[in-house]
Amino acid sequence: MNYHVDRVSWQKTQGQLRQIRERVFVCELHLPKEVEFDQHDKTAEHVLVRDENQCPIGTGRLCCDGLISRIAIIRSHRNREAYQSLISFLSTLAEQKGYENVFVQCILDEVPTFLKSGFSKQGGVFMEAGIPRQRMKCPVKEMNSEPFTMLH
């Protein structure tokens, strides 16, 4: 299946972005709704993934500090191609914006996978939404989509 990724405005498409993120993070993963949407939504670069029928199936964002977050793809489209399309677009966007590094805040179980993919640990473990996380850093030019799945 072919996926199409577009850079979108939070102000214009927040309804679609919210619907996907609520479905994935709030309904499936039971994260608190008040944690899901934060101050970064208004300033981040958002992307929307559509399937070949132009139906919205995923989203992600790139924050001003290079943080890639809120990677969400609806269950019926969770496959390597969808994630690769989304992460490649965000990584190209980060490079275009002149970022040398990108960051993720992964759950502790995913740290070894990100380490194998060229990321390094940044700082200590912290809690977000009641989940222990580790901030990870990777040079944008070395970024690959392999370790990515849902990423809050």
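Me: In strand E2, which residue is the bridge partner of valine 5?

Reply: This is a predicted model, where local features need pLDDT of at least 70, side-chain atom pairs count only at pLDDT 80 or more, and totals for chains, interfaces and linings use all residues. Residues are numbered from 1 along each chain as its sequence is written, and side-chain values use heavy atoms, with hydrogens and water left out. Strands E1 (residues 4-8) and E2 run antiparallel and are joined by five bridges (strands are DSSP runs of at least two E residues, helices of at least four H or I, numbered from the N terminus; two strands pair at two bridges or more). Within E2, valine 5 has as its bridge partner valine 49.

Me: Which residue of E3 is the bridge partner of arginine 50?

Reply: E2 and strand E3 (residues 56-62) run antiparallel, joined by six bridges. They form a hairpin with five residues between them, and glutamine 54 in that turn has a positive phi of about 70 degrees. In E3, arginine 50 is bridged to proline 56.

Me: How many of the residues of E2 are buried?

Reply: In a regular strand, side chains alternate between the two faces of the sheet. On one side of E2 lie Glu45, Val47 and Val49, on the other His46, Leu48 and Arg50, and all are buried (under 20% relative accessible area with a 1.4 Å probe, protein chains only; exposed is over 50%, partly exposed in between). For strand E2, residues 45-50, the buried count is six of six.

Me: What kind of aromatic pair do tryptophan 10 and phenylalanine 37 form?

Reply: The structure holds two aromatic pairs (ring centres of Phe, Tyr or the six-membered ring of Trp within 6.5 Å; planes under 30 degrees apart are stacked, over 60 edge-to-face, the rest tilted). Tryptophan 10 lies in helix H1 (residues 10-28) and phenylalanine 37 in the loop between helix H2 (33-36) and E2, so the pair ties together parts 27 residues apart in sequence. Both tryptophan 10 and phenylalanine 37 are buried. Their ring centres are 6.4 Å apart and their planes at 40 degrees, so the pair is tilted.

Me: What kind of pair do phenylalanine 114 and phenylalanine 119 form?

Reply: Phenylalanine 114 counts as buried because its relative accessibility is 1%, and phenylalanine 119 because its value is 3%. Their ring centres lie 5.0 Å apart with planes at 90 degrees, so the pair is edge-to-face.

Me: Over which ring does the charged end of arginine 135 sit?

Reply: Arginine 18 lies over the face of phenylalanine 37, at 4.3 Å from the ring centre (NZ of Lys or CZ of Arg within 6 Å of that centre and within 35 degrees of the ring normal). The charged end of arginine 135 sits 4.3 Å from the centre of the ring of phenylalanine 103.
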